[in-house]
Amino acid sequence: MLTVAFIQNNKEKVLEGLQKRNLTNAKDLVNRVLDLDKERKEVQTQLETAQADMNKLSKQIGQLFKTGAIDKANELKEQTSVLKENIKEYSDLLGTLKNSLQQVLYLIPNIPHPTVPTGSTDEDNEEIYKEGVIPTLHKDAKPHWDLATQYDIIDFELGTKITGAGFPVYKGKGAKLQRALIAYFLDKNSEAGYQEVQPPYLVNEASGIATGQLPDKEGQMYHDAKDDLYLIPTAEVPVTNFYRDVLLKETDFPVKNTAYTPCFRREAGSYGAHVRGLNRLHQFDKVEIVRLEHPDRSYKALDEMVQHVKGILRELQLPFRILRLCGGDLGFTSALTFDFEVYSTAQKRWLEVSSVSNFESFQANRLKLRYKDENGKSRLAHTLNGSALALPRILASILENYQTESGIKVPEVLVKYTGFDTID
């Protein structure tokens, strides 16, 4: 979340950034923050004045008792009861104002980086890179959901029977290919200096708020009301929260972690042919990279993460492109996001497989994640994350782009993980 000081000192910049996001009530939210903070400061001053008066009076009463001026001391004690009531009133009001201010700040998204293009929908995203050759398939080529049935590697109907739509069952070589992709991604990330970790798959409300999933995406998360825990939509949430309320040293940067987790998303309101098969699921596997950086180096780190994901897709030999997200399609917490899409030849469409983002200090402010600079001053760190990679659409693209009349070839880089080179 944005700091109050940043909003105060950069009001016009904030309003311009929120306009790029097409936030219609931006001015009202910003003015509400400034008004609440002004009121908070006034009440804080009143509270501190009352507390100072109470301290002064208490010392006077103590001195009077010591000198035997009991009547005068008791007279002053009566005045303290009024001050106590005032202090309680100011304290309660201050707590209410701080909470109200926090709730309004939660509603304001991050300010887009200057390079973020204007636009309202994903159609306005800017293609900045494209690589790879789209294969020419045989005349009887099929989409992945038909291939999954033909080779008995993914059972969508069984998943629906057990749980519901969007929870597929991977079988045989399909399950092995899924496991191979996870191991391959983790190995590639580890080679790039990311420490492998295994986080919990459920998080508490404080964790969801700290990374910005709450309250923004509350309706998209699975929630256990009895224990007040949320199933994670991405490993970004628990891994980034490793560093909630942490004070780092400058020499700790960069902090780099990678994690495999299943991910759970309600995906409410997602319907149509574009969500068929593996295109959109309620439960799916993903390998994530999470990075903490010094503010001066976070955009260099973002570029390194983009190059890293490029390298993985090159080794898989999948045609891909990179999009710079426009203001209207940018995630709530992100300052700049690059989406990677691979081409699904059988479906004749691009499928998103990764988002790589710099959140700057937005998450760190919620996390209270700071570091000591060279002058000993406490400053907010920058956080970044990316998918390296999300599995469902990668798997869909492999099945479709590598299909032949006699079977589905396995990308060469994965054969040492699968133990087979063809699904037939």
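Helix α7 passes helix α12 in a right-handed crossing, a crossing being right-handed if the near helix is turned clockwise from the far one by less than a right angle, and left-handed if anticlockwise. The model is predicted, so that local features need pLDDT of at least 70 and side-chain atom pairs count only at pLDDT 80 or more, while totals for chains, interfaces and linings use all residues. Residues are numbered from 1 along each chain as its sequence is written, and side-chain values use heavy atoms, with hydrogens and water left out.

**Packing of α7 with α12**

- α7 and α12 (residues 391-401) pack at an angle of about 120°, with their axes 11 Å apart; axes are lines fitted to C-alpha atoms, for helices over the stretch in contact, and angles run from 0 to 180 degrees between N-to-C directions.
- The contact (heavy atoms within 4.5 Å) joins L177, Q178, L181, I182 and F185 of α7 to L391, I394, L395, I398 and L399 of α12.
- By class, the residues of this contact are nine nonpolar, one polar and no charged, where Ala, Val, Leu, Ile, Met, Phe, Trp, Tyr, Cys and Pro count as nonpolar, Asp, Glu, Lys and Arg as charged, and the others, Gly among them, as polar.

**Helix α7 itself**

- The 20 residues of α7 (residues 172-191) should span 28 Å at 1.5 Å a residue, and the end C-alpha atoms are 29 Å apart, which agrees; the expected span is 1.5 Å times one less than the number of residues.
- Helices (H or I, at least four residues) and strands (E, at least two) are DSSP runs, numbered from the N terminus.
- Among the buried residues of α7 are G174, A180, L186 and N189, buried meaning under 20% relative accessible area, exposed over 50%, and partly exposed in between (1.4 Å probe, protein chains only).
- Just after α7, G193 takes a positive phi of about 95°.

**Aromatic pairs**

- The structure holds eight aromatic pairs, rings of Phe, Tyr and Trp (its six-membered ring) being paired if their centres lie within 6.5 Å, with planes under 30 degrees apart counted as stacked, over 60 as edge-to-face and the rest as tilted.
- The rings of Y184 and F185, with centres 5.7 Å apart and planes at 45°, form a tilted pair, and both residues are buried.
- Y129, F320 and F340 are linked into a cluster by ring pairs.

- H113, in the loop between α4 (70-105) and β1 (126-131), counts as buried because its relative accessibility is 19%.
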